[in-house]
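Some words used for protein structures rest on a number and a cut-off. The questions below ask what stands behind such words.

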2 protein chains.
Amino acid sequence: MTDTVDSAVRKFQKELNAGTAALVLLAILERSGDPLYGYQIAKQLEETTSGGVPAKQGTLYPVLRSLEAQGLLSSRVEPSVAGPPRKYYAITPVGAEVLAAWRDAWKHTRDFVDGTLEGGRS
Amino acid sequence: MTDTVDSAVRKFQKELNAGTAALVLLAILERSGDPLYGYQIAKQLEETTSGGVPAKQGTLYPVLRSLEAQGLLSSRVEPSVAGPPRKYYAITPVGAEVLAAWRDAWKHTRDFVDGTLEGGRS
């Protein structure tokens, strides 16, 4: 793979992730019902994707903090017996409303992109 | 729709578009085979999506220029009988290579996102 291709693929993947990471995390926290902390969210991600995408916990935290700053998640810190305190995140009512709208926007964009890609094969 | 929800949806859509616009334009130019200018590309977009997404020509140009700067498109300007000169864009060999890699990255990310969203409904 040439440098140009490699660099273009990294840029593209980064842009795709920027849009979809927040969607995926909100969906996981809605499904859970219970508040989850970072490690649990990473585990859920791995289970959902059959281990296909190893979630790096370090990449989750900036997204979780951004979602909290927007009022879509709430958090509380609880002491842990075995280590440092854990920060538990839960979806807020506004977060659930946003998730519903994001699901619709995702499906619309996904079908649009798939439509143009399939057009290219016919 | 509250301001928070509205603002979160706009932000999300903008991020999704940033990742997918370049993919869609490369796919259209590969399918075409012939070089196309902005208006033709916008028309192709509308046809592919059955008029569902009215493509704004103004939003295409920054993406086309960025793709050219990355070496994925080439362009040539030709005089037009009826109006200002037209800038025709064509996909380069490197662009075709990048498109193949982007298709794979898109499918992988799409299936990952769909997997987490479907997990939420079961």
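Q: How many residues does the contact take from chain B and from chain A?
A: In this predicted model, the contact takes 41 residues from chain A and 41 residues from chain B. A residue pair counts as a contact if the C-beta atoms, placed from the backbone, lie within 7 Å.

Q: Which elements give two or more residues to the side of chain B that touches chain A?
A: They are helix 1 (3-32) and helix 4 (93-119) of chain B. Helix 1 of chain B gives the largest share, 18 residues.

Q: How do the residues on the side of chain B that touches chain A divide into nonpolar, polar and charged?
A: On that side 22 are nonpolar, 13 are polar and 6 are charged.

Q: What makes the copies meet through the same surface?
A: Of the interface residues of chain B, 100% are also interface residues in chain A, so the two copies use the same surface.

Q: Why is the relation of the chains called that of a two-fold axis?
A: Two copies of a chain are related by a rotation about an axis and a shift along it. Here a rotation of 180° with 0.0 Å of shift along its axis puts chain B on chain A, with an RMSD of 0.0 Å. That is the relation of a two-fold axis.

Q: Why are helix 1 of chain A and helix 1 of chain B called roughly antiparallel?
A: Their axes cross at roughly 150° and come within 8 Å. Angles over 145 degrees count as roughly antiparallel, and helix 1 of chain A and helix 1 of chain B are therefore roughly antiparallel to each other. The crossing is left-handed. Among the residues that make this contact are Phe12(A), Leu16(A) and Ala22(A) from chain A, and Phe12(B), Leu16(B) and Leu23(B) from chain B.

Q: What makes strand 2 and strand 3 of chain A a pair?
A: Pairing needs at least two bridges, and strand 2 and strand 3 (residues 86-91) are joined in the antiparallel sense over 6 bridges. Val77(A), for one, has Lys87(A) of strand 3 as its bridge partner.

Conventions: Residues are numbered from 1 along each chain as its sequence is written. Chains are lettered from A and ligands numbered from 1 in the order in which they are written. This is a predicted model: local features need pLDDT of at least 70, side-chain atom pairs count only at pLDDT 80 or more; totals for chains, interfaces and linings use all residues. Helices (H or I, at least four residues) and strands (E, at least two) are DSSP runs, numbered from the N terminus. Ala, Val, Leu, Ile, Met, Phe, Trp, Tyr, Cys and Pro count as nonpolar, Asp, Glu, Lys and Arg as charged, and the others, Gly among them, as polar. Axes are lines fitted to C-alpha atoms, for helices over the stretch in contact, and angles run from 0 to 180 degrees between N-to-C directions. Angles under 35 degrees count as roughly parallel, over 145 as roughly antiparallel, 65 to 115 as roughly perpendicular and the rest as oblique. A crossing is left-handed if the near helix is turned anticlockwise from the far one by less than a right angle, and right-handed if clockwise. Copies are superposed by least squares on the C-alpha atoms of residues with pLDDT of at least 70 in both.
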